[in-house]
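This briefing goes through one protein chain by topic, starting from a single side chain and ending with the chain as a whole. Keep the sequence and the model open while reading.

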Amino acid sequence: MNDPTEQPDARELFFRQFSRLDRKLYGYILALVLDVAAAEDIFQETCVILWKEFPRYDRERSFLNWSYGIAFNQIRKYRRKFLNKRLLFSDALVNELADDVSRMVEEQSQRQLALTHCLQKLTEGERDLLDDYYGDQQTAASLAERGQCSVHTIYKTIKKLRRALYECVNRRLASEVSS
């Protein structure tokens, strides 16, 4: 077996794919163990296994689903180890939760992609306003002062943009379902 660190292209591919999902993977683990310390340990062990097993990863499959499978096996290993020491959920419930969390993450990813697409349809000024208000958490008063308009105008514009984004995202998701 080749060491993944000896293959620069494989190493770069691994880090590109992993960096897109590391927070989702950690959230998946935490949702199933409900213990931050345990989730961090399981996440670390999962990362090591992902790295070691990456040369065997089938690139035709979803990297996220492959990662979930490895994480789920680590969660099961953790559960067996601590079965007698703590109150734990039944295996059936954990399996059901894992399926639910996977579906929720996938749905959230689709919503995020749709939102990104819809944001691109806005003008640069509209995107800047939303970024300043939500991203930089600037107050409507400071935005109104900078834009030389009323606070009411800022709130009204943000409300209009939120509504437009909401409708755009829902249309996009509906069209993907019907396709």
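Aspartate 132 touches Gln137, Gln138, Leu143 and Arg146, leaving out residues up to four places away in sequence. The model is a predicted one, and the points below describe that prediction.

- Aspartate 132 sits in helix α5, which covers residues 124-135.
- The relative accessible area of aspartate 132 is 12%, and buried means under 20%, so aspartate 132 counts as buried.
- Serine 142 is 10 residues from aspartate 132 along the chain, and their C-alpha atoms are separated by 10.0 Å.

**The largest nonpolar core**

- The largest nonpolar core has 31 residues, and those that touch the most other members are Phe18, Leu25, Tyr28, Ile29, Val33 and Phe63.
- Four helices each supply at least two residues of this core: α1 (8-33), α2 (36-53), α3 and α4 (91-121).
- Helix α3 gives the most to this core, with 10 residues.
- A second, separate core has 15 residues, including Cys118, Leu122, Ala140 and Val169.
- In soluble globular proteins, nonpolar side chains tend to be buried together.
- Isoleucine 29 touches Ala39, Ile42, Phe43, Thr46, Ala71 and Ile75, with residues up to four places away in sequence not counted.

**Threonine 46**

- Threonine 46 belongs to helix α2.
- With a relative accessible area of 0%, threonine 46 is buried, because the cut-off for buried is under 20%.
- Beyond its neighbours within four places in sequence, threonine 46 is in contact with Leu25, Ile29, Ser67, Ile70, Ala71 and Gln74.

**Helix α3 and its cap**

- Helix α3 runs over residues 63-82, which makes 20 residues.
- From the first C-alpha of α3 to the last is 29 Å, close to the 28 Å expected at 1.5 Å a residue.
- The N-terminal end of α3 is capped by serine 62, which has a side-chain oxygen 3.3 Å from the backbone nitrogen of leucine 64.

**Aromatic residues**

- The count of aromatic pairs comes to 15.
- One of them joins phenylalanine 14 and phenylalanine 54 in an edge-to-face arrangement, at 5.2 Å centre to centre and with 75 degrees between the planes.
- This pair links distant parts of the chain, since phenylalanine 14 is in helix α1 and phenylalanine 54 is in the loop between α2 and α3, 40 residues apart.
- Both phenylalanine 14 and phenylalanine 54 are buried.
- One aromatic cluster is formed by Phe14, Phe15, Phe18, Tyr26, Phe43, Trp51, Phe54, Tyr57, Phe63 and Trp66.

**Valine 36**

- Valine 36 lies in helix α2.
- Valine 36 has 48% relative accessibility and is therefore classed as partly exposed, the class between buried at under 20% and exposed at over 50%.
- Apart from neighbours within four places in sequence, the contacts of valine 36 are Tyr26 and Leu30.
- The C-alpha atoms of valine 36 and tyrosine 26 are separated by 9.8 Å, and the two residues are 10 residues apart along the chain.

**Exposed residues**

- Glutamine 148 occupies the loop between α6 (140-147) and α7 (151-178).
- Glutamine 148 counts as exposed because its relative accessibility is 74%, where exposed means over 50%.
- The phi of glutamine 148 is near 55 degrees, a positive value in a residue other than glycine.
- Most residues other than glycine have a negative phi.
- Arginine 171 is part of helix α7.
- With a relative accessible area of 53%, arginine 171 is exposed.
- Arginine 171 and alanine 114 are 57 residues apart in sequence, and their C-alpha atoms are 9.2 Å apart in space.

**The chain as a whole**

- The protein chain has 7 helices and 0 strands, and from the N terminus on its elements run α-α-α-α-α-α-α.
- The chain has 179 residues, of which 31% count as buried.
- Among contacts with a separation of 6 or more, 62% are between residues 24 or more positions apart.

Key
Residues numbered from 1 in each chain as written. Predicted model: local features only at pLDDT ≥ 70, side-chain atom pairs only at ≥ 80, totals over all residues. Heavy atoms only, no water. Expected span 1.5 Å × (residues − 1). Polar contact = N/O pair within 3.5 Å; in protein donor to acceptor, adjacent residues only side chain to side chain. Core = buried A, V, L, I, M, F, W, Y, C linked by side-chain atoms within 4.5 Å. Buried < 20%, exposed > 50% of the residue type's maximum accessible area, 1.4 Å probe, protein only. Contact = heavy atoms within 4.5 Å. Phe/Tyr/Trp six-rings, centres within 6.5 Å; stacked < 30°, edge-to-face > 60°.
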